[in-house]
Amino acid sequence: MRVLGIESSCDETGAAVVDEGGRVYSDIVHSQVSVHAAYGGVVPELASRDHLRNVGPVVRAALGRAELRLSDVDGVAVTNRPGLVGALLVGVQAAKGLAWGAGKPLVGVDHLMGHLLAIFLDRSPTDGTPPTLRPRFPFVCLLASGGHTAIYRVDAPRPDSIVELGATRDDAAGEAFDKVAKLLGLGYPGGPVIERLAATGDASRVTLRAPMAGTASPEMSFSGIKTQVAQLVGRDGIPATDSGIADVCASFQAAVTGVLAAKVTEAAAREHVEDVVLGGGVAANRELGRRVSELGAARGLRVLIPPLASCTDNAAMIAYAGVLRLARGERDGWDLVATGQTVLARSTRKGRGRR
């Protein structure tokens with residue numbers, strides 16, 4: 001069973017063809033970084049317009065690289081939640097038109113489900129990447145991205161078999177990276193540039209308190225550490241030297257990745273599972289991977305990290321989550337809607353206050 005997947009939840013337009021075994025036949029991603037860089041973040045209206053311009057060419061490119069026609073695929077999967085509703089609408093309407101025109105079944109996919117299952121993708125046929133080791137159910141997954149950061153227990157690849165163990169009470173980890181990069185005048189997106197500069201910096205030269213590091217709760221908070229950097233810049237200004245900026249980046253990255261690594265490995269030990277999986281754009285951070293692997297090894301855990309292409313937003317993960325739905329006999333109607341709400345149950349309450 002081969003499925004065409006379409007992704008347009010934020011600032012990447014993606015299309016891919018994936019089969020039931022997770023084999024990636026093609027995965028095309030059009031990035032909007034150049035569109036939003038001048039604004040320091042994603043502008044929803046501009047994102048929607050760019051998706052509208054590029055969804056057709058991206059779908060054609062994905063089918064062409066897979067050497068398939070639309071009539072050759074067995075269904076169409078599309079991200080319909082959560083995300084920027086205007087951006088999601090472009091992908092959903094395109095998928096409806098393609099599925100209706102070709103007489104193929106349509107399935108909507110939760111974007112977070114895609115990230116949770118991205119570890120099962122096999123990209124070796126398209127880019128030569130060695131197949132990633134696949135986790136055994138149940139496993140614990142840290143999903144960390146620009147818009148969402150949470151730790152889940154995954155008992156099966158279905159929403160009703162996934163439990164949120166803890167999530168951020170405020171900013172997502174990736175959002176904090178972007179905001180700190182903006183405070184330091186480093187541009188957008190913040191994650192890659194902070195990681196690059198942190199590699200040359202000395203974290204011990206700048207004191208930043210790790211957020212919620214002293215609590216055993218799997219819940220997290222990243223608004224406060226962003227405020228610490230803002231206060232630092234407000235008091236002393238942006239460091240005048242490249243090494244000074246690198247030191248701030250190193251301290252910030254160490255604090256955030258340290259907390260994420262400690263929280264997910266502690267959660268896995270508490271749940272008595274053997275496998276820990278990283279997912280989402282922040283999972284591409286090498287320091288995070290190193291810290292989780294180090295703490296995981298000390299606890300006897302197996303840590304699995306997808307390749308970069310499977311961490312960032314992509315349509316292959318959407319196609320794979322969709323093919324699993326189709327294999328279970330699930331279908332969506334032409335009334336499929338776009339929504340900003342995830343299908344996954346949430347347990348973490350946003351905001352401050354006693355728990």
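Begin by selecting strand S2 (residues 12-19) together with strand S3 (24-31), which pair in the antiparallel sense over seven bridges; helices (H or I, at least four residues) and strands (E, at least two) are DSSP runs numbered from the N terminus, and two strands pair if DSSP finds at least two bridges between them. The model is a predicted one, in which local features need pLDDT of at least 70 and side-chain atom pairs count only at pLDDT 80 or more, while totals for chains, interfaces and linings use all residues. Residues are numbered from 1 along each chain as its sequence is written, and side-chain values use heavy atoms, with hydrogens and water left out.

Within this pair, pick threonine 13, whose bridge partner in S3 is histidine 30. Then widen the selection to the open sheet of five strands, ordered S3-S2-S1-S4-S5, in which the pairing is mixed. Strand S3 (24-31) and strand S5 (106-110) stand at the edges with a single partner strand each, so one side of each is left without a neighbour in the sheet. On average, and with direction ignored, neighbouring strands of this sheet are turned by 20° against each other; axes here are lines fitted to C-alpha atoms, for helices over the stretch in contact, and angles run from 0 to 180 degrees between N-to-C directions.

H3 has 18 residues and reaches 25 Å from its first C-alpha to its last, close to the 26 Å expected at 1.5 Å a residue, the expected span being 1.5 Å times one less than the number of residues. Colour its buried residues (under 20% relative accessible area, with exposed over 50% and partly exposed in between, for a 1.4 Å probe and protein chains only): they are Ala87, Leu88, Val90, Gly91, Val92, Ala95, Lys96 and Ala99. Their cover includes S1, helix H2 (44-65), S4 and S5, where contact means heavy atoms within 4.5 Å. Just after H3, stop at glycine 103, which takes a positive phi of about 70°.

Now move to strand S6 (residues 139-144), where six of the six residues are buried, so the strand is largely enclosed by the rest of the structure. Phe139, Cys141 and Leu143 are buried on one side, and Val140, Leu142 and Ala144 are buried on the other. S6 pairs with strand S7 (residues 149-154) in the antiparallel sense over six bridges, and a hairpin joins the two through four residues; cysteine 141 has tyrosine 152 in S7 as its bridge partner. With strand S9 (residues 275-279), S6 runs parallel and is joined by four bridges, valine 140 standing opposite valine 276.

Finally, select helix H9 (residues 242-271), whose 30 residues reach 43 Å from first C-alpha to last, close to the 44 Å expected. The helix is mostly covered, with 22 of its 30 residues buried. Bring in helix H6 (residues 173-183): the axes of H6 and H9 come within 11 Å and cross at roughly 175°. Ala173, Ala176, Phe177 and Val180 in H6 meet Phe252, Gln253, Val256 and Leu260 in H9. After H9 comes histidine 272, with a positive phi near 60°.
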